[in-house]
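Dear colleague,

Please find below the structure that I am handing over to you. My notes on what was found in it follow directly after.

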Amino acid sequence: ETMVLFTEKRCRHLPVLEDGKVAGMVTDRDIVIRVVAKGGSLETPASEVMTPGAESCREDDNVADAAAKMGSLQIRRLMVLNEGGKVAGILSLGDIALDYGDKAVGHTLEEISAEPASQ
């Protein structure tokens, strides 16, 4: 079912839900690296391929705050949760660029691409 969504709907990332809550996210890249490259079966459960956990924002959060969160966490997408904590969508850096222009995402992309600070 996951492969159908990726190929027919041209999705690149999907939330994985467990009991209605976000358990993680599976991307086309996850499938290539964790299944195809290892000669695995496309029948592999999404739970075995996904990146566990997923960062999120709320529907009513502003775009600047969401972009700042992406930058500080060095990620390119956030789950968008509604008031009840259910997935309402996914906000990507590309979505922000389309709606607000490339200039609006320049700083965020620099943060995402920067080397992590030593700890």
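This is a predicted model: local features need pLDDT of at least 70, side-chain atom pairs count only at pLDDT 80 or more; totals for chains, interfaces and linings use all residues.

Glu18 has Lys21, in strand E2, as its bridge partner. This pair belongs to the antiparallel arrangement of strand E1 (residues 13-18) and strand E2 (residues 21-27), which are joined by 6 bridges. The hairpin that these strands form has 2 residues between them, and Asp19 takes a positive phi near 55° there.

The mean pLDDT of the protein is 81, and 76% of its residues reach 70 or more. Among the elements, strand E4 has the highest mean pLDDT, at 95, whereas helix H1 (residues 2-8) has the lowest, at 58.

The next topic is the sheet. Three strands make up an open sheet in the order E4-E5-E6, and their pairing is mixed. Strand E4 (56-58) and strand E6 (87-92) form the edges, each of them pairing on one side only. On average, neighbouring strands of this sheet are turned by 35° against each other, direction ignored. Between E5 and E6 the pairing is antiparallel and extends over 5 bridges. Within E6, Ile90 is the bridge partner of Met79.

A helix accompanies this sheet. H4 lies across E4, E5 and E6, and its direction is at about 135° to E5.

Which residues make up the largest nonpolar core? This core has 9 residues, namely Cys57, Ala66, Ala67, Met70, Leu78, Val80, Leu91, Leu93 and Ile96. Helix H4 (63-73), strand E5 (77-81) and helix H5 (93-100) each supply at least two residues of the core. The greatest contribution comes from H4, which gives 3 residues. Leaving aside residues up to four places away in sequence, Ala66 touches Cys57, Leu78 and Leu91.

One is the hairpin of E1 and E2, with its 2 residues between the strands. The other is the sheet of E4, E5 and E6, with H4 lying across these strands. From there, the 9 residues of the largest nonpolar core can be located, including Ala66 and Leu91. Please keep in mind that H1 has the lowest mean pLDDT among the elements of the protein.

With kind regards

Conventions:
Residues are numbered from 1 along each chain as its sequence is written. Side-chain values use heavy atoms; hydrogens and water are left out. A nonpolar core is a set of buried Ala, Val, Leu, Ile, Met, Phe, Trp, Tyr and Cys residues joined through side-chain atoms within 4.5 Å. Buried means under 20% relative accessible area, exposed over 50%, partly exposed in between (1.4 Å probe, protein chains only). Helices (H or I, at least four residues) and strands (E, at least two) are DSSP runs, numbered from the N terminus. Contact means heavy atoms within 4.5 Å. Two strands pair if DSSP finds at least two bridges between them. Axes are lines fitted to C-alpha atoms, for helices over the stretch in contact, and angles run from 0 to 180 degrees between N-to-C directions. pLDDT is the predictor's confidence in each residue, from 0 to 100.
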